[in-house]
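Read it with the model open beside you.

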Amino acid sequence: MRPLFQLSTRRYDEEIELIKKAMIDLESKCNVRNGYEIGAPSRSAGWTFFNIQISPEMLDVIEKSGMMEGAIGYRIEEQLKNFLGHFLESHGSNVRIKKIDY
C-alpha cells in the first residue's frame, strides 16, 4: 500500500522547497531512504496541484512508532492525512492536503 495525497497551493515555488525539507526530515526520523515521491505539478485557476506518495516502509514506521498519536480521525487514512498536514505545517508549509488513495 502506497498512500497518495494531493497537495494544493497558490505559492508552489516557495512551498515545494518547504515540503522537500519536511519530507527529508520525516525520512530521517523514520530512518528510511526514498520514503516519498513528489509528482509533477499542474496548474488551474491560480492554484498548483501536485501529489505526494509515501513508501510502504515509511508508512509502516509512521504507523508503528506512535508518530500519529493525537492525529484526529476515525480511520487510519484520516489520521495519516492529518498527521502529514500538521507535520508539513510545523515546517512552515501552508499547503492544503487531500487524501486521494490509501
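Helix 1 covers residues 12-30, which makes 19 residues. At 1.5 Å a residue, helix 1 should span 27 Å. Its end C-alpha atoms lie 26 Å apart, which agrees. The expected span is 1.5 Å times one less than the number of residues. Helices (H or I, at least four residues) and strands (E, at least two) are DSSP runs, numbered from the N terminus.

This is a predicted model, in which local features need pLDDT of at least 70 and side-chain atom pairs count only at pLDDT 80 or more, while totals for chains, interfaces and linings use all residues. Residues are numbered from 1 along each chain as its sequence is written, and side-chain values use heavy atoms, with hydrogens and water left out.

Which residues of helix 1 are buried? They are Tyr 12, Glu 15, Ile 16, Ile 19, Ala 22, Met 23, Leu 26, Glu 27 and Cys 30. Seen down the axis of helix 1, these buried residues fall within an arc of 145 degrees, so they line one face of the helix. The arc is that of the directions from the helix axis to the C-beta atoms. Buried means under 20% relative accessible area, exposed over 50%, and partly exposed in between (1.4 Å probe, protein chains only).

An α-helix has 3.6 residues a turn, so residues three or four places apart point the same way.

The face of helix 1 turned away from its buried side carries exposed residues: Asp 13, Lys 21 and Ser 28. On the buried side, the cover includes strand 1 (4-9), strand 2 (36-38), strand 3 (42-44) and strand 4 (47-54).

Glu 15 is found in helix 1. At 0% relative accessibility, Glu 15 counts as buried. Leaving aside neighbours within four places in sequence, Glu 15 is in contact (heavy atoms within 4.5 Å) with Thr 9, Ser 93, Asn 94 and Val 95.

**How the helices pack**

Two packed helices are described by the angle between their axes and the distance between the axes. Here, axes are lines fitted to C-alpha atoms, for helices over the stretch in contact, and angles run from 0 to 180 degrees between N-to-C directions.

| Helix pair | Angle | Axis distance |
|---|---|---|
| Helix 1 and helix 2 | about 70 degrees | 10 Å |
| Helix 1 and helix 3 | about 115 degrees | 9 Å |

Helix 1 and helix 2 are therefore roughly perpendicular to each other. Angles under 35 degrees count as roughly parallel, over 145 as roughly antiparallel, 65 to 115 as roughly perpendicular and the rest as oblique. The crossing of helix 1 and helix 2 is left-handed. On the helix 1 side, the contact is made by Met 23, Leu 26, Glu 27 and Cys 30. Helix 2 supplies Met 58, Val 61 and Ile 62.

Helix 1 passes helix 3 in a right-handed crossing. A crossing is left-handed if the near helix is turned anticlockwise from the far one by less than a right angle, and right-handed if clockwise. Ile 19, Ala 22, Met 23, Asp 25, Leu 26 and Lys 29 of helix 1 meet Phe 83, Leu 84, Phe 87 and Leu 88 of helix 3.

Helix 2 has its own buried residues: Met 58, Leu 59 and Ile 62. Seen down the axis of helix 2, they fall within an arc of 100 degrees, so they line one face of the helix. They pack against helix 1, strand 2, strand 4 and helix 3.

**After the helices**

Where does the chain go after helix 1? Asn 31 follows helix 1. Asn 31 is found in the loop between helix 1 and strand 2. Its phi is near 55 degrees, a positive value in a residue other than glycine. At 72% relative accessibility, Asn 31 counts as exposed.

Asn 34 is found in the loop between helix 1 and strand 2. Phi of Asn 34 is also positive, near 55 degrees. Asn 34 is exposed, with a relative accessible area of 64%. Just after helix 2, Gly 66 takes a positive phi of about 90 degrees.

**Strand 1 and the segment before it**

Ser 8 sits in strand 1. At 10% relative accessibility, Ser 8 counts as buried. Not counting residues up to four places away in sequence, Ser 8 touches Trp 47, Thr 48, Phe 49, Val 95 and Arg 96.

Arg 2 is found in the segment before strand 1. Arg 2 is partly exposed, with a relative accessible area of 31%. The C-alpha atoms of Arg 2 and Lys 99 are separated by 12 Å, and the two residues are 97 residues apart along the chain.
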